[in-house]
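Q: Could we go through this one together? I'd like to start with what the terms mean and then get to the details.

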Amino acid sequence: RVRISNLPPERLPHDGLLYLRDANPEHMRVTVDRLKSNPQFYRLIHSERLVEIAQPFVGASEVSHVGFSYPNFRADLPEQFSAEEQKFSLPWHQESSYYKSNASALSSIVFWIPLFDCSTEEGSLELLVGSHLHGEYVHEDYYLDRENKRHFRNQVPDDVVSQFEATTVPVRAGSVLVNHFRTVHRSGSNRSENVRYTLLIRASNIFCKGYCL
């Protein structure tokens, strides 16, 4: 409590979360989980502005045809903690390989929204340019914890990744990165001293062929 009270406000979301982790990792996990269920999070998910942004991307003729699903809030620690937090990292993959219902790979997009400026240093999203134009790839699936079958992963094979140019997309706080469900992507490595906080929201045209409940 004393360490956190001495922090300047701009460092509280970063150093404060790391202090919680040092004191008790469970405290940090509970804090992040609570951030997924607060009113501000759901106010953003249901905002008219996000629907308006999504509508042309998902090909919806009316805003009422836009459906949101699988909202998530992530807090990714700096890379010196990455070995312990590896379960949160994903290799090169397409969003469509994980989300088979309540979304159509033909029309769905992902909103990637950082709470703070996110550059290459903070590990902004890495994309394979043009990969969304080639359909859905066969992924290699495995568990990080194979013995207990925990932390499932889908991964695009290396020979597919080598066919494309990789690029990192810096995103300013308050901006939205729109990513097609079939774009091969992964989060970069957070080499900064900051926690990378991001909101992820999936949007679909609920009248598109392939959308299913």
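A: Since this is a predicted model, let me begin with burial: a residue counts as buried when its relative accessible area is under 20%, as exposed when that area is over 50%, and as partly exposed in between.

Q: Okay, so is Phe111 buried or exposed?
A: Phe111 has a relative accessible area of 0%, so this residue is buried.

Q: And how many aromatic pairs are there in the whole structure?
A: A search of the whole structure turns up 8 aromatic pairs. One of them joins Phe68 and Phe111 in an edge-to-face arrangement, with 6.2 Å from centre to centre and 80° between the planes.

Q: Which strands do Phe68 and Phe111 lie in?
A: Phe68 belongs to strand β1 (residues 66–76) and Phe111 to strand β2 (residues 109–114), so their pair ties together parts that are 43 residues apart in sequence. Phe68 itself counts as partly exposed, because its relative accessibility is 25%.

Q: What about Phe73 and Tyr197, how are the rings arranged?
A: Phe73 and Tyr197 make a tilted pair, 6.0 Å centre to centre with 40° between the planes. This pair links distant parts of the chain, since Phe73 is in strand β1 and Tyr197 in strand β9 (residues 196–205), 124 residues apart; both residues are buried.

Q: Switching to charge, which residues gather in the negative patch on the surface?
A: The patch brings together Glu140, Asp141, Asp158 and Asp159, and β4 (140–145) and α6 (158–161) each contribute at least two of its residues.

Q: Why does Asp158 count as exposed?
A: Asp158, which lies in helix α6, counts as exposed because its relative accessibility is 58%, and the cut-off is over 50%.

Key. Residues are numbered from 1 along each chain as its sequence is written. This is a predicted model: local features need pLDDT of at least 70, side-chain atom pairs count only at pLDDT 80 or more; totals for chains, interfaces and linings use all residues. Side-chain values use heavy atoms; hydrogens and water are left out. Patches are made of residues with over 30% relative accessible area and no salt bridge: like charges are joined within 9 Å, nonpolar side chains (Val, Leu, Ile, Met, Phe, Trp, Tyr) within 5 Å. Accessible areas come from the Shrake-Rupley method with a 1.4 Å probe; for residues, only the protein chains shown count as cover. A salt bridge is a side-chain nitrogen of Lys or Arg within 4 Å of a carboxyl oxygen of Asp or Glu. Lys and Arg count as positive and Asp and Glu as negative; His and the chain ends are not counted. The place of a charge is taken as NZ of Lys, CZ of Arg, CG of Asp or CD of Glu. Helices (H or I, at least four residues) and strands (E, at least two) are DSSP runs, numbered from the N terminus. Buried means under 20% relative accessible area, exposed over 50%, partly exposed in between (1.4 Å probe, protein chains only). Rings of Phe, Tyr and Trp (its six-membered ring) pair if their centres lie within 6.5 Å; planes under 30 degrees apart count as stacked, over 60 as edge-to-face and the rest as tilted.
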